[in-house]
Amino acid sequence: MKALVLAGGAGTRLRPITHTSAKQLVPVANKPVLFYGLEAVAAAGVRETGIVVGDTHAEIEAAVGDGSAFGLQVTYLRQHAPLGLAHAVAIARDYLGDDDFVMYLGDNFIVGGINGLVDRFAHDRPAAQIMLTQVADPGQFGVAELDSEGRVAGLEEKPRHPKSDLALVGVYMFTAAIHDAVAELKPSGRGELEITDAIQWLIDAGHRVESTMVTGYWKDTGNVTDMLEVNRLVLESLPARVEGTVDPGSELIGRVVVEPGAMVTRSRIVGPAVIGAGAVITGSYIGPFTSIAAGCSVSHSEIEYSIVLPRASISGVGRIEASLIGHDVEVTPAPATPRAHRLVLGDHSKVQISC
């Protein structure tokens with residue numbers, strides 16, 4: 001069995017961050033969200049992994065390398081335009097050959113991994129096996145309709161009038177039968193080759209398509225709100241660890257991770273929170289569910305429920321919350337003060353905030 005990990009999307013819902021960075025590498029608890037997917041693939045016993053990459057291929061390849069750090073053998077497959085999930089399967093045809101494979105969307109986060117899904121598929125071997133979860137807004141996803149016996153009867157991509165509240169989670173299992181389906185597809189109204197249409201082709205052709213309900217936590221981390229929620233969830237599971245320097249004038253409360261080389265001076269950090277390697281925290285309050293990445297500087301400021309990417313600097317700011325702050329951003333005071341600031345800042349930005 002092989003894996004096909006999709007990391008070629010443009011990440012338009014995370015702009016401006018993704019104007020200069022791959023959405024799959026935005027960190028959750030200071031680790032790129034893509035890495036959680038690769039770890040799940042490896043934990044399921046899959047080794048040969050094709051990663052579909054697009055315009056951000058150089059950044060993805062630099063971060064993942066040959067895959068050995070994850071116990072994987074990685075091959076990169078270039079997708080010159082994001083033309084749909086089924087298009088990704090099409091360009092991977094030669095790599096996949098006639099092998100069964102798991103397709104994993106690189107910006108999805110699933111608690112509990114995919115071991116059970118892979119084991120079930122290997123035992124039952126339907127033509128396709130999908131994962132479903134109930135959602136409040138099914139029109140934003142691929143939607144499945146089940147018959148009276150719980151079998152998959154139909155699929156539709158982002159329907160205006162959903163027939164159920166069951167959304168497809170970004171993990172799929174396929175036999176080589178999917179290639180016949182993809183070969184028959186025409187672009188949808190969105191101009192893409194839809195994987196839902198390919199699975200529907202399998203159903204119409206009489207192939208067996210099975211579904212599994214997700215009982216744990218799942219998120220598509222395609223927007224800021226979901227990124228912050230996943231960051232919160234991951235931080236809740238981290239044990240406290242202090243490998244950097246914390247002076248006697250500072251206070252750590254709850255589960256706080258201070259990574260090697262980080263310095264905390266005259267500050268109060270309330271966990272769960274993580275302070276990245278080489279970060280400097282001075283005279284500040286870092287509140288719960290906050291990830292401060294490597295090389296950041298936070299001085300005489302307050303921030304909570306936020307993600308701060310590497311080398312960002314926050315100085316003299318009264319309050320920041322529910323924010324995603326990009327690489328090399330500078331946040332400094334400006335005249336008039338609101339009680340709180342909500343920020344989504346692109347890499348290398350310079351912003352003045354009232355204090």
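Tutor: A salt bridge is a side-chain nitrogen of Lys or Arg within 4 Å of a carboxyl oxygen of Asp or Glu. The model under discussion is predicted.

Student: What makes the contact of arginine 241 with glutamate 243 a salt bridge?

Tutor: The closest N and O atoms of arginine 241 and glutamate 243 are 2.4 Å apart. The cut-off is 4 Å, so the pair qualifies.

Student: Why are arginine 241 and glutamate 243 called neither buried nor exposed?

Tutor: Arginine 241 has a relative accessible area of 36%, and glutamate 243 has 45%. Buried means under 20% and exposed means over 50%, so values in between are called partly exposed.

Student: What does the salt bridge of aspartate 99 with lysine 2 tie together?

Tutor: The closest N and O atoms of aspartate 99 and lysine 2 are 3.2 Å apart. Aspartate 99 lies in the loop between α4 and β6, and lysine 2 lies in strand β1, so the pair ties together parts that are 97 residues apart in sequence.

Student: Is lysine 2 buried or exposed, and how is aspartate 99 classed?

Tutor: Lysine 2 has 9% relative accessibility and counts as buried, because the limit for that class is under 20%. Aspartate 99, at 33%, is partly exposed.

Student: How are arginine 232 and glutamate 236 placed in helix α8?

Tutor: Arginine 232 and glutamate 236 are four residues apart in helix α8 (residues 224-236), which means a separation of about one helical turn. Their side chains meet in a salt bridge at 3.1 Å, N to O. Glutamate 236 is partly exposed at 35% relative accessibility.

Student: How do you know that the buried residues of helix α5 are on the same side?

Tutor: The buried residues of α5 are Leu117, Val118 and Phe121. They cover an arc of only 95° around the axis, and therefore are on the same side of α5. Asp119 and His123, on the other side of the helix, are exposed.

Student: Against which strands do the buried residues of α5 pack, and what follows just after the helix?

Tutor: The buried residues of α5 pack against β8, β11 and β12. Just after α5, arginine 125 takes a positive phi of about 45°.

Student: What makes strands β4 and β5 a pair?

Tutor: Six bridges join β4 (residues 48-53) to β5 (residues 73-78). From β4 the chain crosses through helix α2 (residues 57-64) to β5, in a right-handed β-α-β crossover.

Student: Why are β14 and β31 called edge strands?

Tutor: The open sheet of seven strands has the order β14-β17-β20-β23-β26-β29-β31, with parallel pairing. β14 and β31 are the edge strands: each pairs on one side only.

Student: How do you know that β20 and β23 pair?

Tutor: Strands β20 and β23 are joined over three bridges in the parallel sense. At least two bridges are required, so they count as paired.

Conventions. Residues numbered from 1 in each chain as written. Predicted model: local features only at pLDDT ≥ 70, side-chain atom pairs only at ≥ 80, totals over all residues. Heavy atoms only, no water. Buried < 20%, exposed > 50% of the residue type's maximum accessible area, 1.4 Å probe, protein only. Right-handed = clockwise from strand over helix to strand, strands pointing away. Arc of directions from axis to C-beta. Contact = heavy atoms within 4.5 Å.
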